[in-house]
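Welcome to this short tour. Open your viewer, get ready to select a few residues, and follow along stop by stop.

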Amino acid sequence: MATIFKTTTQGGQKEDLANYISNISRDMTPFLSSIGKGKASATTHEWSTDTLQAAALNAEIEGSTFTESSSPVIARLTNRTQIFVKGIRVSGTLESVDKAGRKSEFKYQTEKRGKEMMRDLEKTLVSKQVSTASASGAVVAGAVKSGARLMGGYQSYCSQNISSGYAVTATAGAGMVVGAGDGSNVAANATGTTAKAFTLADINETLRGINGETSAAPSKVMMSTANKVKFSDLMTSTSNVRRNIDEKGKLRQSVDLYESDFGDVELVHNYLMDDTEVFVYDPSLMSCNTLRPIQFSDINQDGDSLRSYMVQEVTFEAKSPTGNGLIHNVA
């Protein structure tokens, strides 16, 4: 019987493996990219904030003796630097063999670790983490080590907080809850509230709370990917907005800019945020301050493998916590 040679039975075929690698992980850092950069010179980073006395009617008698005016005092805020590390180990054999998509495995892994480190920093900045000199216990097994310094993220430096769905009630601001705004805590949900979907009214109420309290002019509303989709659907469905923006009839449903009573704010999605919070902030009044920039250090060859590590040490500075808004308890 004649033999029919088929790809399923005949050996010796070359693999059809493309000579490139597509890194599908998104390494964007929306929050970090929106704020400023600065320097830190100690593991405890300090800065000063000040506020104005509440506006009031002011009239004095002609010829009277002046008295000293009362005024808020300058407050000192602190945050701690946090060390981020990534380790790399590649066997000598893997470094030497021919590989698809990269010549040096060691260099390729170094580039990946750098992207991962910046995403870790972004995740920390948008998390509920508070500032502490020494993390207790295995906060995150294998990731956050017991005894490590932790920096407080954005949520721990918010003074203007509301619980979603309770912003506009019979009494304006009934959904407001208090956050210390000094890195020590994250505001709890208002008493008796339950998680609800956030609305445009929540953004308006947060902007109203910030207005007049500080010189901050919030220009960003940041939310998770899921909440961005929900918000766009809400706005276009309730207002029946369907716009053709070019001659080809391209349909635009995403809502990216909101012209509020307190100025224009950009609606931005952040794929590393939780679905339970929405940020309302002025990026010009905060920064990521660096004590040690990313450093790459070789460790001498260990047996038949190459080793190195990457490290950076940074902290977060919120220059005006009274101008930072947080909508939380979002369903």
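Start with strands β5 (residues 160-163) and β15 (residues 325-328): they run parallel and are joined by 4 bridges. Strands pair if DSSP finds at least two bridges between them. Strands here are DSSP runs (E, at least two residues), while helices are runs of H or I with at least four residues, numbered from the N terminus. Before you go on, note that this is a predicted model, in which local features need pLDDT of at least 70 and side-chain atom pairs count only at pLDDT 80 or more, while totals for chains, interfaces and linings use all residues. Residues are numbered from 1 along each chain as its sequence is written, and side-chain values use heavy atoms, with hydrogens and water left out.

Now select Gln160, whose bridge partner in β15 is Gly325. Show the β5 side chains: Gln160 and Ile162 point one way, Asn161 and Ser163 the other, and all are buried. Buried means under 20% relative accessible area, exposed over 50%, and partly exposed in between (1.4 Å probe, protein chains only). In a regular strand, side chains alternate between the two faces of the sheet.

Next, select Arg113 in helix α3 (residues 105-125). Is Arg113 buried or exposed? Arg113 is buried, with a relative accessible area of 13%. Its side chain makes polar contacts with the side chains of Gln109 (2.7 Å) and Glu116 (2.6 Å). A polar contact is a pair of N or O atoms within 3.5 Å; within protein, one must be able to donate a hydrogen and the other to accept it, and residues adjacent in sequence count only if both atoms are side-chain atoms.
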